[in-house]
Amino acid sequence: MDISIERISSDLENVVRFNQTPGNGCTRFSYSKEDRQARDYIMELMSGLGMSINVDGVGNIRARFGMESESPAIMIGSHIDTVENGGKYDGLIGVLAALETIRVLKEEKAVLDHPIELIIFAEEEGSNFGVTMLGSKVLTGKLTIDELKSLKNKNGISAYEVCKNFNLNIEGIEKDVIKKGEVLSMIELHIEQGAVLETEKKSIGIVQAITGMKTFKVTLEGDSNHAGTTPMNLRADPMAGAAKVIASIQHAARNLALPTTTATVGRLFCTPNMANVIPKKVEFYIDIRDVEPEGIKRVVDYITERLCEVSKEDCLKSRIELIGKSSSVKLSSSVISLMEQAAAESGAPYMKINSGAVHDSAMMADVTDVGMIFIPSIGGKSHCPEEYSRVEDIKAGCSLLLKTVKSLAVRKSIEI
Ligand code: HGY
Ligand code: MN
Ligand code: MN
């Protein structure tokens, strides 16, 4: 049996209804009302498949299919949270492909040598607190309760409080940490979020490495005053200072780092944020990435120095805090060759590819063997309403996921 693209498409349309910005992309932050609706919908489908479901202290959903045994599981899944006005495929299509894989295994009454675990990671996008992959970082012991107490959303509420208010057992996260050996392999299907597969006319990408990243929060404080009565030479203006530092970020990433380095400022807060007031405080976040740590280091060194210079020039108080980091990760060669073989057998045009986006799989790579399947993003667009993937590519990707899971988990029928 093969996967049913009709079932995946119908699930997709049903889940994207849970959206805060209909008509302007998808907005479904973790721990929101829309997130609750999407979780309930998907968990109902999981229960209908006879899966046993556990939700951990930060909201990762872990559902088991097949034999209840100590043998290590094969983990599949992704995330269902989005950025603001994002696309409908990022994360969600990987979860629905995993669900469909389990449906087919059930229909085939597959005899499993390993249970299958469907995981839905919480807060992958970092839309609430500015830190990506929060759920998988907690699951793999990379974030502690104290750190969750210090991470705040734009209303100043901590990740710890938000999880508690979402009725999660946040105090229990230390015991939720996954142990090496619990999971034999993990496979995540995801959209590419770039234009390589489409340009190369491939429907499948077999991911080799996932980029590393560092997220910094920069705070500049100055002297708030009247916009009209304060002469230009008597100002301590943190927005003018921020503008100089942000311009230097682009310069560093373009001209001083490596061709694979990216640096982005996409989140900025200004207080009091009034057109006729010189700001008191400006906070902005810097997202710096590279598969090579040297690229990230060059940008960090340059902007730290520039921040010092600008603060002196403009009489500003400033600080730069590292609030999130993840190392670049090479994925499992054994899982990659398994997927390559399955892709070759299926005849789907595929290529090996690196990921400029980060993924929960990168966090899981130090506790299990990890592989990722990419499907094309048309026009290379993602994190925006224009994000789109074709059904034929979703079908090819999900078929490869099913084949890979079968080769890892399903008992081989012995030729007699
Ligand atoms: O930012 C990323 O790379 C991912 O989409 N959260
Ligand atoms: Mn994603
Ligand atoms: Mn994303």
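Select Asp90 together with ligands 2 and 3: Asp90 bridges these two manganese ions, which lie 3.4 Å apart. The model is predicted; local features need pLDDT of at least 70, side-chain atom pairs count only at pLDDT 80 or more, and totals for chains, interfaces and linings use all residues. Residues are numbered from 1 along each chain as its sequence is written, chains are lettered from A and ligands numbered from 1 in the order in which they are written, and side-chain values use heavy atoms, with hydrogens and water left out.

**First stop: ligand 2**

Display the side chains of His79, Asp90 and His190. The manganese ion (ligand 2) has His79 (NE2), Asp90 (OD) and His190 (NE2) as its protein donors, at 2.1 to 2.2 Å. Donors here are N, O and S atoms within 2.8 Å of the metal (3.2 Å for Na, K and Ca); water is not among the atoms, so sites may look incomplete. Along the chain, the donors of ligand 2 follow the spacing H-x10-D-x99-H. His79 belongs to strand 3 (residues 73–79) and His190 to strand 5 (residues 183–191), so the pair ties together parts that are 111 residues apart in sequence. Strands (E, at least two residues) and helices (H or I, at least four) are DSSP runs, numbered from the N terminus. Both His79 and His190 are buried; buried means under 20% relative accessible area, exposed over 50%, and partly exposed in between (1.4 Å probe, protein chains only).

**Second stop: ligand 3**

Asp90 (OD), Glu125 (OE), Glu125 (OE) and His383 (NE2) coordinate the manganese ion (ligand 3) at 2.1 to 2.6 Å. The spacing of these donors is D-x34-E-x257-H. Glu125 sits in the loop between strand 4 (116–121) and helix 4 (134–139), and His383 in the loop between strand 15 (369–375) and helix 13 (391–409), so the pair ties together parts that are 258 residues apart in sequence. Glu125 is buried, with a relative accessible area of 11%, whereas His383 is partly exposed at 39%.

Finally, centre the view on ligand 1. Around ligand 1 are Glu124, Glu125, Gln193, Arg289, Ala357, Val358 and His383, each with a heavy atom within 4 Å of the ligand. Which polar side-chain atom lies 2.6 Å from an oxygen atom of ligand 1? That atom belongs to Arg289. A backbone N or O atom of Val358 lies 2.9 Å from a ligand oxygen atom, and a polar side-chain atom of His383 lies 3.0 Å from one. The protein covers 94% of the 210 Å² of accessible area that ligand 1 has on its own (Shrake-Rupley method, 1.4 Å probe).

Conventions
A polar contact is a pair of N or O atoms within 3.5 Å; within protein, one must be able to donate a hydrogen and the other to accept it, and residues adjacent in sequence count only if both atoms are side-chain atoms.
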